[in-house]
Amino acid sequence: VLNRRCVEAAVMTGLALNCSINKKSLFDRKHYFYADLPAGYQITQQRVPIAVNGSLSYSLCIDNKMSQMVTKTVRIKQIQLEQDSGKSLHDDTRSQTLVDLNRAGVGLMEVVMEPDMCCGEEAAAAVRELQLILQTLGSSQAVMAEGQLRVDANVSVHHPGEPYGVRTEVKNINSIRFLAKAIDYEIQRQIEELENGGTILNETRAFDSKLGCTVPMRDKEGKQDYRFMPEPNLPPLILYDAKSLPANMNHQQVINIDWIHERLPDLPSVKRKKLVEQYGILPEHSFTLLNEDGLAEFFESVVKQTQMKPKKVIGWILKDLLSYLKQHSLTVKESPVSSFVLADLLNLLEKKEISSTAAKQVLAELWKGEGKTPLEIVKEQKLELLQDQKELEQICQAVIDGHENEVIMMVLG
Amino acid sequence: AALSRGLRSQVSAALKEGRVAPTELCQRCLALIKSTKFLNAYITVAEETALKQAEESEERYKRGQPLGILDGIPIAIKDNFNTAGIETTCASNMLKGYISPYNATVVQKLLDQGAVLLGKTNLDEFAMGSGSTDGVFGPVRNPWSYSKQYKEKSVPKSHPEDEESNWVITGGSSGGSAAAVASFTCFAALGSDTGGSTRNPAAHCGVVGLKPTYGLISRHGLIPLVNSMDVPGILTRCVDDAAVLLGSLAGHDPKDSTTIQDDFKPFELLNLTDVSKLSIGIPKEYHAPGLSSEILALWSKAADLFKNAGAKVVEVSLPHTPYSIVCYHVLCTAEVASNMARFDGLEYGHRSDMKDSTESLYAATRREGFNDVVRGRILSGNYFLLKQNYEKYFVKAQKVRRLIANDFVKVFRSGVDILLTPTTLRDAAPYTEFIQEDNRTRSAQDDILTQAANMAGLPAISVPTALSERGLPVGLQFIGRSFQEKQLLTVAKWFEKQVQFPVIQLEEVKRHDSDVFQHQKSASFS
């Protein structure tokens with residue numbers, strides 16, 4: 001039986017990726033025997049998937065400098081709905097395999113990209129953007145480590161101007177970082193293989209994250225004939241739009257593409273644009289803000305609570321706050337410094353009650369999370385900026401008086 | 001006798017009025033099952049649970065709150081429907097000992113209405129066959145083999161063993177269900193119909209066999225053979241009862257996406273008196289090779305019956321009929337190959353001891369679990385589904401299927417209301433003769449008149465018509481328009497009344513309490 005939510009998620013994702021949504025899509029059975037496939041077949045959409053011909057735009061920094069970003073596009077071949085299999089856990093020590101069938105039959109959405117990317121970095125950036133889109137839409141939480149987003153990379157090499165080479169499929173990639181690594185390794189391996197006169201086999205390889213290389217997978221040998229057959233228990237999936245929706249249809253029974261389209265939330269690219277326009281920050285700043293879960297909201301919250309200009313606030317967010325979070329491996333949600341507290345601190349700075357150096361000191365202290373307010377810390381550590389001119393002169397004079405030799409050296413040049 | 005008459009004055013009424021108690025009814029049925037054990041109609045008899053259900057029913061009747069017309073009525077279920085807590089084997093080694101955790105939707109519906117589930121009936125392994133002879137629990141014997149009518153017509157044998165071996169088959173694959181109903185051990189039974197598996201044994205056993213329109217009754221919990229053709233089938237002793245069962249089972253099931261959404265309204269069958277507005281079609285292609293002259297004559301006589309009563313009887317043509325058997329085999333085996341893939345011995349059912357590798361485990365398990373018939377169909381089906389063969393066979397067969405279905409559409413559109421055809425080519429064959437040919441050959445022969453209705457998804461019913469020269473039942477088939485079961489059953493009921501098919505005279509049944517015999521002999525429970 002088809003899961004309505006899965007269909008909605010697929011339509012949302014298809015729309016977000018600029019795909020054509022097929023108003024009629026079909027389900028098929030893909031047959032093969034494997035311990036984690038209890039029915040002996042997987043229900044998928046081989047003939048007519050739910051969405052086709054889309055595109056995904058993503059950005060890369062050139063030369064690792066955040067200041068220079070380029071936008072690239074990867075074409076989306078299709079999005080298809082299918083069933084998940086169970087999970088196999090190989091216990092080599094006892095020569096047995098344990099099969100967990102809990103997730104068998106759960107709905108999956110497969111996004112197939114065209115081979116438009118040229119290296120690990122591009123793939124990583126594309127997948128990262130896809131991840132953000134999925135999270136924004138609510139289609140998936142898309143955390144790779146949890147298996148909510150699984151990525152298989154198909155890699156091939158060829159000389160410019162020549163047709164694409166034989167590709168290998170790389171599986172078992174558990175993070176975006178490993179994705180880039182796996183792809184770059186595989187590209188290198190294939191180039192070396194070919195330059196040594198060898199050939200590339202159309203095979204499936206697994207990424208070994210410990211060794212940082214790909215190895216052939218022993219299970220999938222030879223080409224399988226999956227004996228595709230239409231799934232007889234699932235009638236064709238019919239989707240409607242405002243135009244084609246019949247008048248007296250029960251709304252529980254149908255999915256209206258236009259209705260979903262109207263309710264799509266702002267995609268990351270739109271959100272970034274808005275941040276740049278609204279706050280005058282740089283495009284690369286908007287990327288970092290969205291890349292970190294909750295950071296954009298934190299930033300906006302601080303901006304609301306302080307007189308400091310957003311262009312200045314952003315520095316504190318991206319340089320100071322973020323580096324602290326990274327150092328301590330914390331998420332924004334886990335930050336000991338709340339947006340309220342940070343805004344408080346920045347206000348002191350803005351009102352010139354403290355210097356920026358002092359502010360950094362206060363932040364370091366706030367980071368300990370002992371519950372003191374910025375003002376309390378300032379008073380404690382006597383970090384107030386002196387406003388009194390006379391007082392300042394006295395202090396300066398005192399310093400000069402106390403360091404006669406240095407002063408003479410300075411005057412002499 | 002009282003077969004077609006006395007609608008409301010039968011068992012249900014008796015239960016309501018307290019003339020007989022559900023537990024009594026249940027016990028008598030169970031006793032009869034025991035004394036007709038030689039028929040091998042039942043694989044599992046759920047004695048304890050049945051009696052418990054009967055007790056609960058009795059309580060309800062005492063309180064004056066029966067759940068409906070089916071409350072307390074003993075029913076048998078073909079052993080390819082999942083029944084929670086009761087073994088479901090599909091007459092296969094693969095599922096011997098398998099106890100399902102859930103009830104098929106149709107089973108649940110029956111239980112919800114208070115029906116008493118007597119047990120699971122025998123069939124061809126995984127419902128593949130037309131004789132109910134190829135299951136691991138042995139063949140089912142047609143109760144008519146032991147009827148006075150058959151014995152009178154048989155050539156007396158010199159040795160009693162020969163007489164023993166003279167028994168005839170029930171037809172299949174729902175032979176157990178048909179035999180159970182025919183021998184009065186239950187009032188109705190569920191079968192399944194993929195290529196004629198309900199109608200064929202119904203005809204051979206002298207009972208009513210109804211194949212509903214595809215999509216009307218839920219298949220959830222029916223272990224699938226061919227998903228696009230399977231339907232739950234209904235076997236009863238009269239057409240009225242079939243209508244009652246249909247009413248309690250039909251309707252949309254969210255768990256089965258192939259059931260239609262429209263509301264189903266149960267109907268009561270009226271007594272048709274005027275057939276002059278009816279148009280009966282006689283498809284000439286159903287004068288199939290191998291059709292016995294006897295059945296041909298009966299078919300003709302039936303047509304005349306309608307004509308003489310004022311109905312319009314026309315010859316029609318379903319030109320693609322000769323291709324339907326081959327088409328059916330391609331599509332059937334392909335789906336079978338797919339549906340049987342789930343039996344790998346890992347999650348449920350039989351698992352071989354072979355431990356060398358997963359592949360060898362699968363191979364050994366499936367070899368041990370399935371009989372030759374099943375394995376043969378799997379191999380054929382996989383062949384047709386291979387990439388290089390898919391277009392040539394599977395897709396082609398789907399196209400031919402469409403042509404076959406269109407044949408019916410055209411005929412019905414031309415003004416014909418119901419088609420009248422034979423159900424089987426001949427009366428029931430003796431077992432020893434039947435097994436001379438293999439399952440595939442037999443199926444190809446016997447399915448010829450019934451499987452086109454499965455291909456087109458149309459409703460069809462076999463009504464017992466007369467006894468053959470050998471004293472065995474012959475049934476004729478009516479095929480109707482999609483979802484027009486009411487019209488189909490109305491016509492069938494009229495026909496049933498006209499032909500007055502004789503009651504089977506079984507020694508075993510006579511030996512029982514004449515009271516109960518009366519209740520059981522009276523065909524109808526409604």
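## Salt bridges within chain A

A:Arg75 and A:Asp116 form a salt bridge in which the closest N and O atoms are 2.7 Å apart. A:Arg75 belongs to strand S6 of chain A and A:Asp116 to the loop between strand S9 (107-113) and H2, so this pair ties together parts that are 41 residues apart in sequence. With a relative accessible area of 44%, A:Arg75 is partly exposed. A:Asp116 also counts as partly exposed, at 26% relative accessibility. The model described here is a predicted one.

Strand S6 of chain A, which spans residues 69-83, also holds A:Lys72. A:Lys72 forms a salt bridge with A:Glu122, and the closest N and O atoms of that pair are 2.7 Å apart. A:Glu122 sits in helix H2 (residues 120-137) of chain A, so the bridge ties together parts that are 50 residues apart in sequence.

A:Asp152 forms a salt bridge with A:Lys171, with 3.0 Å between the closest N and O atoms. A:Asp152 lies in strand S10 (residues 151-155) of chain A and A:Lys171 in strand S11 (residues 168-173) of chain A, so the two ends of the bridge come from parts 19 residues apart in sequence. A:Asp152 counts as partly exposed, at 36% relative accessibility.

A network of salt bridges links A:Glu365, A:Lys368, A:Glu370, A:Lys372 and A:Glu380. Over all chains, a search of the whole structure finds 42 salt bridges. Side chains of opposite charge can pair when their charged atoms come close.

## Strand pairing in chain A

Strand S3 (residues 28-31) of chain A runs antiparallel to strand S4 (residues 41-44) of chain A, and four bridges join them. Within this pairing, A:His31 stands opposite A:Tyr41 of S4(A).

S3(A) is also joined to strand S14 (residues 229-230) of chain A, by two bridges and again in antiparallel fashion. Which residue of S14(A) is the bridge partner of A:Asp28? The partner is A:Pro230.

## The two domains of chain A

Chain A is divided into domain 1, covering 4-261, and domain 2, covering 268-381. The C-alpha centres of these domains lie 37 Å apart. At their interface, nine residues of domain 1 are in contact with nine residues of domain 2. About 780 Å² is buried between the two domains, 56% of it on carbon and sulfur atoms.

How many salt bridges does the rule find across the interface of domain 1 and domain 2 of chain A? The rule finds one. A:Arg272 and A:Glu129 form a salt bridge with their closest N and O atoms 2.5 Å apart.

## The interface between chains A and B

The contact between the chains involves 22 residues of chain A and 26 residues of chain B. The area buried between them is about 1900 Å², and carbon and sulfur atoms give 54% of that area. On the chain A side, A:Phe33, A:Arg227 and A:Met229 lose the most area to chain B, together accounting for 29% of what that side buries. The count of salt bridges between chain A and chain B is zero.

## Chain B

An unreviewed UniProt entry carries the annotation "domain: Amidase" for residues 28-147 and 169-489 of chain B. Over residues 28-147 the chain is 27% helix and 12% strand, with the end C-alpha atoms 20 Å apart. Residues 169-489 are 43% helix and 14% strand, and the end C-alpha atoms of this span lie 27 Å apart.

B:Thr23 is placed in helix H2 (residues 22-35) of chain B and is buried, with a relative accessible area of 16%. Leaving aside neighbours within four places in sequence, B:Thr23 is in contact with B:Ala54, B:Glu55 and B:Glu58. B:Ala363 is placed in helix H12 (residues 358-369) of chain B and counts as partly exposed, at 48% relative accessibility. The C-alpha atom of B:Ala363 is separated by 8.8 Å from that of B:Ser352, a residue 11 residues apart along the chain.

Note on methods:
Residues are numbered from 1 along each chain as its sequence is written. Chains are lettered from A and ligands numbered from 1 in the order in which they are written. This is a predicted model: local features need pLDDT of at least 70, side-chain atom pairs count only at pLDDT 80 or more; totals for chains, interfaces and linings use all residues. Side-chain values use heavy atoms; hydrogens and water are left out. UniProt positions are given in the numbering used here, feature names are shortened, and annotations may be inferred rather than shown by experiment. Two strands pair if DSSP finds at least two bridges between them. Buried means under 20% relative accessible area, exposed over 50%, partly exposed in between (1.4 Å probe, protein chains only). Contact means heavy atoms within 4.5 Å. Domain bounds come from an automatic or database domain assignment. Buried area is the accessible area (1.4 Å probe) that two parts lose on being put together, summed over both. A salt bridge is a side-chain nitrogen of Lys or Arg within 4 Å of a carboxyl oxygen of Asp or Glu.
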